[in-house]
Amino acid sequence: MSSSLVHSLPDNHRLGYVAWGLGGTFRASVNTLAAKHRITEIRYFGDLDLSGIRIPYAASKTANERGLPTVQPTERLYGALLELGHARGAKEKAIDAVEARALVEWMPAAHRAKAVGLLVAGQRLAQEWVGYRYLTRNTAWHADLV
């Protein structure tokens, strides 16, 4: 996904760094950034499942400890994922609605109810549903990065 995103970026993007990896490596990537890099935003897009929601939460804690901005979701990419994706069973167990609502506070308000539904049902939407074809044919997601 990240490679597809990098190759689909508009010319006027503001990205200085793109980090990708498996699971918690995003937090490790954030940990390597220093406040001296003058980073004004950190954006995240990943799977919609329990881990996918916990990763940016943990990365935000790391960012704040390092004097960096809180990790923010890429609203339009998550919107595309919710529109295009087909939920599958997650590897992690379902959680109760109270915990799910607390975790998804990080997400844009428009996406929270669907994200809670996934977590409570023990389901997952893989970020790969928003692939190269979507990224190159649609420009609405550019607003997350420019």
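Arg54 is partly exposed, with a relative accessible area of 38%; here buried means under 20% relative accessible area, exposed over 50%, and partly exposed in between, computed with a 1.4 Å probe on protein chains only. The model is predicted, so local features need pLDDT of at least 70 and side-chain atom pairs count only at pLDDT 80 or more, while totals for chains, interfaces and linings use all residues. Residues are numbered from 1 along each chain as its sequence is written, and side-chain values use heavy atoms, with hydrogens and water left out. Five salt bridges are found in a search of the whole structure; a salt bridge is a side-chain nitrogen of Lys or Arg within 4 Å of a carboxyl oxygen of Asp or Glu.

**Arg54 and Glu99**

- Arg54 and Glu99 form a salt bridge, and their closest N and O atoms are 2.9 Å apart.
- This pair links distant parts of the chain, with Arg54 in helix 3 and Glu99 in helix 5 (residues 97-103), 45 residues apart.
- Helices (H or I, at least four residues) and strands (E, at least two) are DSSP runs, numbered from the N terminus.
- Glu99 has a relative accessible area of 31% and is partly exposed.

**Arg124 and Asp47**

- A salt bridge joins the side chains of Arg124 and Asp47, at 2.6 Å from N to O.
- The two residues are 77 residues apart and link distant parts of the chain: Arg124 lies in strand 4 (residues 123-124), and Asp47 in the loop between strand 1 and helix 3.
- Arg124 counts as partly exposed because its relative accessibility is 28%.
- Asp47 is buried, its relative accessible area being 19%.
- A network of salt bridges links Asp47, Asp49 and Arg124.

**Asp49**

- Asp49 is located in the loop between strand 1 (42-44) and helix 3 (50-65).
- Its relative accessibility is 8%, so Asp49 counts as buried.
- The side chain of Asp49 reaches the backbone nitrogen of Gly52 at 2.6 Å.
- Apart from neighbours within four places in sequence, Asp49 is in contact with Glu92, Leu119, Gln123 and Arg124, where contact means heavy atoms within 4.5 Å.

**Glu105 and Arg112**

- Glu105 and Arg112 form a salt bridge in which the closest N and O atoms are 3.8 Å apart.
- Arg112, at 25% relative accessibility, counts as partly exposed.

Technical notes. Polar contact = N/O pair within 3.5 Å; in protein donor to acceptor, adjacent residues only side chain to side chain.
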